[in-house]
Amino acid sequence: MFGRRILMAGAAVLSLAAGLPALAEPVKLRLVSKDLSLSNPQDVAHVDRIEAALAARGTEVEIEIVDVASSGYADKLTAMILAGDIPDLIYFQGGDAKIAEQGVLEDLRPWIEKSEFLKDALHPHNRDRLENYPYLLYVFPVRNPQPVMRKDWFERTGLPAPQTLDDYVALLTAVAQGDYDGNGKADTLGLTAAETTAELDAIFNRAFGVDASWLKGPEGFINARVSPQERDKIAFYAMLREKGLLDVEYITTKWDVKEDKFYSGRVGMILGSSAEVVDIYGGKMRQVHPGVELVLFDPPQGPAGRGLAAVDVSKESRGFAISALSGNKEAAFAVLDFMASPEGQVMDRMGFEGEEYVTKDGKVEVTDKIATWYARFMVAANWTTPVQWLSPPAQQHLANVSAFYVADNAFVWPPEYAADLDATTNVYREWVFKFVSGEAGMDQWDAYVAAWNAAGGERLTAHAREVLDATN
Amino acid sequence: MWRQWWPYYAMMAPGLIFFAVFHYLPIWEAKIAFQQVRIIPPNIWVGWKHFETLFASSVFWQVLANTMIISAMKIAFVFPVPIIVALLLNEVRSGPFRKSIQSAIYLPHFLSWVVIAGIFIAALSPSDGVVNEVRGYLGLEPRSYMTDQGAIRWVLVFSEIWRSAGWDSLLYLAAILAIDPQLYDAAEMDGATRWQKMRHVTLPGITPTIATLFILNAGMFLSADLNQVINLSNDAVRSQIDIIDTYVYRIGLQTGEFSLATSAGLFKGILGMLLIVAAHKLSKRLTGKGVW
Amino acid sequence: MRLPGLTPFERIESAIIVSTLLLLTIVCVQPILNLLAVSLSEPARVPGMSGLTVVPRGFSTDVYTLLVTNPAVQRGLVNSAIITIVGTVLSVIVTALMAWGLSRPGLPYRRAIFVLVLVTIVFEPGMIPDYFVNRRLGLLNTYWSVIFFKLVNAWYLIILVRFFEEIPKELLEAAEIDGANPFQVFWMVVLPLARPALATITLFYLVFRWNEFFRAMLYLSDQSLWPLQLVLRQFVIEGDKLAMVGVADMNAYTGASAIDIRALKAGMIMLTIAPILIIYPLILKYFTKGTMSGAVKG
């Protein structure tokens, strides 16, 4: 306890000192990230050259990587921080809310305002999220699942790329009924998802008018999950399942089984959450079925609209934070700002010259190894790589995510609503499965809504109306 | 008195120190259950707030009921199986055959629940799982066990049996081997059949072990296996197999309230202790031996 | 000893017993064989492999080559060996000593100690307080933090007490009359008699230590100290796109999908089971020595 007071005093003194111009002594910066480990030579080299680049710009920093296992990362990080061992620059993947609540994380907005590169590198959803919760920075494109299918199967159906809901149904029907995997049985399913219908919602929400978490009803805001729009969408899912186009066993299908079904031909279409994931699917599909490419489809036009599901901007779920107790905030932010610069982006996104990419006659070419390189810090919105190595479906994925971006009106709930949130979510998921599997007919929708309200939905709606009416 | 007993205390010393430092010191640290945790001191006393939150939730009572039902089912159906396996194994002549069986049945214990869940989900799949294939041969309709609210608890029971029966039987086998062989010789001379020997020699011989394990299991009554439930759970059946630990874990994930987890732990602990005492007294009455 | 002839009824009984055990064996072994088959299959042919098959599709030792030649895995093996052996030896000794004391009926405060031990079974404060304690003692980032975790398992302790209590008083008194002090009695009389029980406890502790990875993750920041299980988990992270990269990172494999993740996971499991498979039969030997073989011939 005594030691902590010293820490506080020291932090105060150092904060004052930080206002002084860069010292000649290198500043020691402690950085912890799930993606950076001392035992990975690539990570160490990456950090070394960042140090060198910063030094060349006049900021002397010595970056010390704090090693935390990536399995169980959130638990270990929480334990460390609670014990008082707080690095300067911290990557969070869960567990940040409680810590932010105690004022241990720095508000990043003023820093970003004064930044040289970072403020222009943000994605639209980053700005929205920072406004609501200014402690985490995660400059990466949004993840919104989109459907992929084997290109050869798609071409065999002879159908055009699906644009409407009916098109999707026709495509999935063709796949389900044609014996494309050649095993003598028409047992291929159209579409599957992993454990919940959330992936499907990504492309079907807007088609049915489920445009946000809270929709305007006749009496005020209502939760989308109990809206008439949702009912129509769930009826659609139930119809898909009935026709064999939606795998009813999605509920017990974990992500690895989902992929297995796709590669082995049990299912024709799955959803990939990001461009990188699409490329992973593509690579594996090529390995299992040589020569087979993937094709990505746009979300369908439905009776109420079209697009990808609204993006939750209440807060970043993961990202970089700077400790408010740190004496090296300037240095920490300098690192982040540098990574947003073109020079930093080349390092973070393209890897090492001679390893992941080479420059021949002024032209940049990527090697095979680029497929295994990943950005450790950020993918700036305003910097594109000099050469494109993402496959066409992956590029389309990225393009769609920007083109169809719409912000959601979900917000962060105070902890006293946690039990209600959990209970209503369980009611929702349980009933969705009952409807989709046919155990309950859609005529029981009102029974479901009543159950939802009774499980705490009324309390949630009341609070939501207060919050949303205030901001609308 | 100490002259007589000090050697024993000397032998127990390392163990006692261990318990003091690594079990009781942390319990003292667990006073955070009553406090809001702050990194920047001081810890603010928040009192019973966490307990209130726990008991006020309507879901908590459902979850408590689930926990108790599942534990009861496990005690009734899972607990006896290793005993039976050990008894059967004991009937097989010692030798390579018996060794092979022993070397095989403990293997499932080594698989994590992630892997086991994958195996059971695949085996129980209504479309191509082996169980439903067999049902098909018998002329029965396929049944989706994993999404069936009535069946899912049995899935927990059976998967637990599969995983642990072979491994736990080892303990009972060791207990059987500790029985005085002269008792068997005497029974043999009296012309006892295999089953009579089992009833009159073997079972009484391992009753203390059974009783002890029963009492220990009673203490864990409110702690059905977290990993098992998480991996075998899905939206359709969650309401039936959600246990205290999974519920607290989920809420904790959402809010970062690990103090909630500590209060739940305290609640389970107090009740567990009461159950141990109750089981102990019951066992003393039935078998003459408790846990001490 | 000559066997009496079996009556037909007894033969049927034997047959039923044997078939039940055989069925149990098959049901337990098949999934392991399936995992083995998957780990030895060609990566391109793994998707779609059923959970029932025990025959690999194609043949490829890529998975094992990748795992065994990786320096981090090798280090992990060494660390696991150290933690497991040292930990198990310490655990068994400390547990046995404490159990012996507790099994003496006249021991002062015996009941109190029992209660205190039982309390530790039902009250688990959780990992954060444990972390704090280890930090306070300066044990973080050393083998000792992991070794001392559950050094004495209360369940095993009480089970062992049970076994020790069954030891006939006459044998102990005989030794005491011969002038043995309690330590000698323990060493020379009790331990040999309790061999099956001790073997069981040893095996339990061994397996527990070998499989434990969460505490290692929590307490050990230095990756060169990580046990095998943690190293393996680090390389194949569930659901994370980095899983593929982690794999490629492990060797000179370029091309993210050169190794099938499912096969790799299966290989990991095999690797962690293998040492136990080897040690188990050795421990089984103690299940026939000690008190005379209790196997009843049928």
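On a 1 Å grid over the protein atoms alone, a cavity is a set of points where a 1.4 Å probe fits but cannot get out, and its lining residues have an atom within 4 Å of a point. This tour of a predicted model counts local features at pLDDT of at least 70 and side-chain atom pairs only at pLDDT 80 or more, while totals for chains, interfaces and linings use all residues. Residues are numbered from 1 along each chain as its sequence is written, chains are lettered from A and ligands numbered from 1 in the order in which they are written, and side-chain values use heavy atoms, with hydrogens and water left out.

**First stop: the largest cavity**

The structure holds seven cavities of 30 Å³ or more, a volume being the space filled by probe spheres set on grid points that are joined across faces, edges and corners. Select B:Phe22, B:His23, C:Asp130, C:Phe149 and C:Arg215, which lie nearest the centre of the largest cavity among its 17 lining residues. About 180 Å³ of space lies in this cavity.

Which helix gives the largest share of the lining? Helix H1 of chain B does, with four residues. Show H1 (2-29) of chain B with helices H5 (127-136), H6 (143-148) and H11 (214-219) of chain C; each supplies at least two lining residues. Helices here are DSSP runs (H or I, at least four residues), strands are DSSP runs (E, at least two), and both are numbered from the N terminus. The lining divides into nine nonpolar, four polar and four charged residues. Ala, Val, Leu, Ile, Met, Phe, Trp, Tyr, Cys and Pro count as nonpolar, Asp, Glu, Lys and Arg as charged, and the others, Gly among them, as polar.

**Second stop: chain A coloured by confidence**

The mean for chain A is 89, and 95% of its residues reach 70 or more.

Select the open sheet of chain A with the order E5-E8-E4-E9 and mixed pairing; two strands pair if DSSP finds at least two bridges between them. Strand E5 (189-191) and E9 of chain A are the edges and have a single partner strand each, so one side of each lacks a neighbour in the sheet. From one strand to the next, the twist averages 30 degrees; axes are lines fitted to C-alpha atoms, for helices over the stretch in contact, and angles run from 0 to 180 degrees between N-to-C directions.

Strand E4 (residues 146-150) of chain A runs antiparallel to E9(A), joined by three bridges. Within E9(A), A:Val295 stands opposite A:Met149.

Another open sheet of chain A has four strands in the order E2-E1-E3-E12, with mixed pairing. Its edge strands are E2 (61-66) and E12 (318-322) of chain A. The twist averages 20 degrees from one strand to the next. Two bridges join the parallel strands E1 (residues 27-32) and E3 (residues 89-93) of chain A; A:Leu89 in E3(A) is the bridge partner of A:Leu31.

Helix H3 (residues 73-82) of chain A packs on this sheet, touching E1, E2 and E3 of chain A (contact means heavy atoms within 4.5 Å).

**Last stop: a hairpin**

E13(A) and E14(A) form a hairpin with two residues between them, and A:Asp361 in the turn has a positive phi of about 50 degrees.

How values were computed: pLDDT = per-residue confidence, 0-100. 1 Å grid on protein atoms, 1.4 Å probe; cavity = no way out; pocket = protein on both sides within 12 Å on 5 of 7 lines; lining within 4 Å.
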